[in-house]
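Please read the following note alongside the sequence and the model. The points are meant for a reader who is new to protein structure.

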Amino acid sequence: MAYGQHQSFYLRDRWLSKALRYLLEDKRFFYNKDSFEKVGLGKNMLQSLRFWVIATRVVEEKVDKDQKRVHYITPLGEVIYKFDRFVRFNETASILHYEMTKEKEPATAWYWFFNIFPQQVVSKDELLQSFVYWVNEQETREVSIKSLKRDIECLLKLYTAGHSTFDPEEVIHSPIHKIGLIEENNNIIYKKVPGIDDIGITALMYSLLDYKVRKGIDTVSVDEIANEKGLWGKIFNMDRSSVVNALELLANRSVYPISFTRTNNLDTVKLPDISPIEYLQFKYARKVESLV
């Protein structure tokens, strides 16, 4: 698992757009000596940006035929760059959040906080203690507590920076803050339940279709959506009633609807035969067209 790779910088607005633009020109951009000057960031911030583009899965790191590390824009990154490179849509913010939190790596703290950590209200100190305990249970190697503390601090800033005017150093929002998943007040952390519109119904459908591909399934139960790691109840803090409401909306779509069968104990969802990327392209093309 991975810790502290963000250099203590949370993802800022327009960072993804900058990274994708330069990577389109040069797959070795993050390794060039003058890249930090081109992108207008410090050297540590550039390393942080490299982490964030991989963590949100808009970029994939590979080794080329010359055994050099290069970065390729993923199909998700291509869709976002084409339709919403500045993350103006809540759906995009939610998808980036989903991609960060759905698996243990590379954003392990994010995966843990949303999928494993059960408490809805907790102090900062208790949160760190719980994370340290979990990491020690999982790892055979020793992980620096300072590194884990930086992870927790960065995680909270990603969702809350700019909410308060008391700290002039943290007035810049991240592109993911708009979902409203976390609130901090007097060192107490609250997991918030966002509205369906705050998340975006397109992002919820995208996550189901991605889960379908990852698990090799075409049906999923409501209980699974509400309780399974990597799905709505965990990733978006949604309760069962919110899950059902969103599923009913998706079942009533005229194009690519789900089939939502409700029985006494086995409420199930059959997903349409379309890939998550194809679905996202279709929905974003229509969304952008309607805004013109």
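The numbered points below describe the basis of the model, its sheet, its helices and some backbone details.

1. This is a predicted model, in which local features need pLDDT of at least 70 and side-chain atom pairs count only at pLDDT 80 or more, while totals for chains, interfaces and linings use all residues. Residues are numbered from 1 along each chain as its sequence is written, and side-chain values use heavy atoms, with hydrogens and water left out.

2. Helices (H or I, at least four residues) and strands (E, at least two) are DSSP runs, numbered from the N terminus. An open sheet is formed by three strands in the order β3-β5-β4, with antiparallel pairing; two strands pair if DSSP finds at least two bridges between them. The edge strands, each pairing on one side only, are β3 (121–123) and β4 (182–185). On average, neighbouring strands of this sheet are turned by 25° against each other, direction ignored.

3. Between β3 and β5 (residues 188–191), the antiparallel pairing extends over three bridges. Val122 has Ile189 in β5 as its bridge partner.

4. Two helices lie across strands of the sheet. Helix α7 (residues 124–138) lies across β3, β4 and β5 and runs at about 95° to β3. Helix α8 (residues 145–160) lies across β4 and β5, at about 105° to β4. Axes are lines fitted to C-alpha atoms, for helices over the stretch in contact (heavy atoms within 4.5 Å), and angles run from 0 to 180 degrees between N-to-C directions.

5. Which residues of helix α1 are buried? In α1 (residues 15–25), they are Trp15, Leu16, Ser17, Ala19, Leu20, Tyr22 and Leu23. Buried means under 20% relative accessible area, exposed over 50%, and partly exposed in between (1.4 Å probe, protein chains only). An α-helix has 3.6 residues a turn, so residues three or four places apart point the same way. The buried residues of α1 pack against α2 (35–39), α3 (43–55), β1 (59–63), β2 (69–73), α4 (75–84) and α5 (90–101).

6. The peptide bond from Glu105 to Pro106 deserves a check: the bond is cis, with omega near 5°. Pro106 is located in the loop between α5 and α6 (108–116).

7. Ser8, in the segment before α1, has a phi near 70°, which is positive in a residue other than glycine. Ser8 counts as partly exposed because its relative accessibility is 32%. Arg57, likewise not a glycine, has a positive phi of about 60° and lies in the loop between α3 and β1.
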